Amino acid sequence: MQLERIESLITEKTADINQLLVTDNKDVLGQGGAYIVTQDTERLLGRLGVTLPKRDIQAFNAAVLNALAPIFPVVMTDENPFYDALGSAFARACTKANDENAEVILLDRFVSAPGVSTDAYSTLSIGRVTTPNGEILGPRPGDQDIDEQLAIIQAKMKADGKTNVIFVDDGLSTIDALEPYEEIARAQGWQIVDMVLGVLPSAPDGDEWNTKKAATDITGKPPTAVLPVVSPLDWICQRDFTFLGGKTVAIDDITYPLTAPYFSPFTNGQSASIPTKRLNEVSKKLLRANQALISAIDQQNGQPLTFTDVLNAGYGLPVSLLDMLPIPKPEDSVGQFIDTALACV
């Protein structure tokens with residue numbers, strides 16, 4: 001995708017958002033009730049060091065859509081155009097940061113831009129971690145503790161004489177998604193002067209999806225957004241429908257990082273707004289899609305994918321919060337584990 005086209009996609013007055021989508025169109029995003037799914041399959045596999053033929057990627061994406069479309073009005077982004085547009089916005093934020101004496105802080109593992117030096121920004125891996133006592137802020141699987149990450153960023157900003165920050169992420173969901181940003185900035189003495197986002201919801205006052213207004217109140221200006229959407233039903237990164245995704249989980253005496261995908265037998269589907277009556281139906285389709293993806297990976301690698309490979313790539317071991325199957329061991333075959341998971345549903 002040429003830079004000129006990317007620039008047009010993220011400029012509000014000339015945006016052709018339809019070019020970012022594989023299902024539905026811009027009008028649906030503005031009507032309310034859309035179920036947003038952002039593809040990230042290639043990038044997900046890239047961390048495993050796996051490159052699959054396009055037909056396998058497309059087959060998995062289509063299978064996820066097939067699992068969701070009978071229930072939701074799905075609007076699905078096309079992975080590379082979406083991330084190309086977001087990467088361009090990220091690059092421009094790094095350039096603009098010099099004028100605002102601000103540090104760009106990248107919060108998403110999959111956002112990048114060719115030609116942007118790693119010295120031009122910092123990275124911060126944060127997310128909500130489910131614990132026996134509720135939820136806390138924590139790092140994503142495989143990353144340093146938050147305090148260690150923040151110490152590195154703070155030292156860099158102090159050396160450069162900066163207190164302003166620009167956050168870059170693949171998107172925001174409801175208003176409470178802003179809380180980690182605000183909490184960290186407040187504790188570090190930072191001023192959030194801008195945000196660059198993939199998905200940005202807006203809604204009437206009093207609605208939990210009125211995130212654009214909440215972000216604007218923080219920074220004093222509307223965030224840059226690749227995909228604005230009005231009152232969505234939900235927004236899900238497609239990786240959360242794989243064995244590699246889901247919310248981070250902490251369990252006492254388990255030293256490996258854990259995650260709980262957004263479907264059965266791992267969770268009850270609440271994080272993805274899946275109705276209880278349709279949970280098994282959707283989950284079986286998603287598990288079969290994962291089976292096919294793992295089979296393609298095993299064939300490409302010439303050997304079975306194991307959870308040691310998963311851990312080495314910075315992903316967690318899938319855990320069933322429904323106590324329907326045991327946590328896999330690092331040496332276990334991913335394919336066999338998914339077969340067992342499917343038998344549980």
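This is a predicted model: local features need pLDDT of at least 70, side-chain atom pairs count only at pLDDT 80 or more; totals for chains, interfaces and linings use all residues.
## Overall fold and dimensions

The protein contains 11 helices and 13 strands, and its C-alpha atoms fill a box of roughly 55 × 45 × 40 Å when this is taken along the principal axes. The radius of gyration is 20 Å, which agrees with the value near 20 Å that a compact globule of 345 residues would have.

Buried residues account for 51% of the 345 residues. Of the contacts between residues at least 6 apart in sequence, 71% join residues that are at least 24 apart.

## Surface and charge

The protein exposes about 15200 Å², of which carbon and sulfur atoms supply 47%. Its side chains include 27 positive and 45 negative ones, and the centres of these two sets lie 3 Å apart.

## Helix α5

Helix α5 covers residues 79–99, 21 residues in total, and it reaches 31 Å from its first C-alpha to its last, which is close to the 30 Å expected at 1.5 Å a residue. The helix is followed by N101, a residue whose phi is positive, near 50°.

D143 is found in the loop between β6 (134–138) and α6 (146–160).

When residues up to four places away in sequence are not counted, D143 touches R109, S125 and Q149. The C-alpha atoms of D143 and G314 are separated by 7.3 Å, although these two residues are 171 residues apart along the chain.

Definitions and conventions:
Residues are numbered from 1 along each chain as its sequence is written. Side-chain values use heavy atoms; hydrogens and water are left out. Helices (H or I, at least four residues) and strands (E, at least two) are DSSP runs, numbered from the N terminus. The radius of gyration is taken over C-alpha atoms; the globule rule is 2.2 Å times the number of residues to the power 0.38. Buried means under 20% relative accessible area, exposed over 50%, partly exposed in between (1.4 Å probe, protein chains only). Contact means heavy atoms within 4.5 Å. Accessible areas come from the Shrake-Rupley method with a 1.4 Å probe; for residues, only the protein chains shown count as cover. Lys and Arg count as positive and Asp and Glu as negative; His and the chain ends are not counted. The place of a charge is taken as NZ of Lys, CZ of Arg, CG of Asp or CD of Glu. The expected span of a helix is 1.5 Å times one less than its number of residues.
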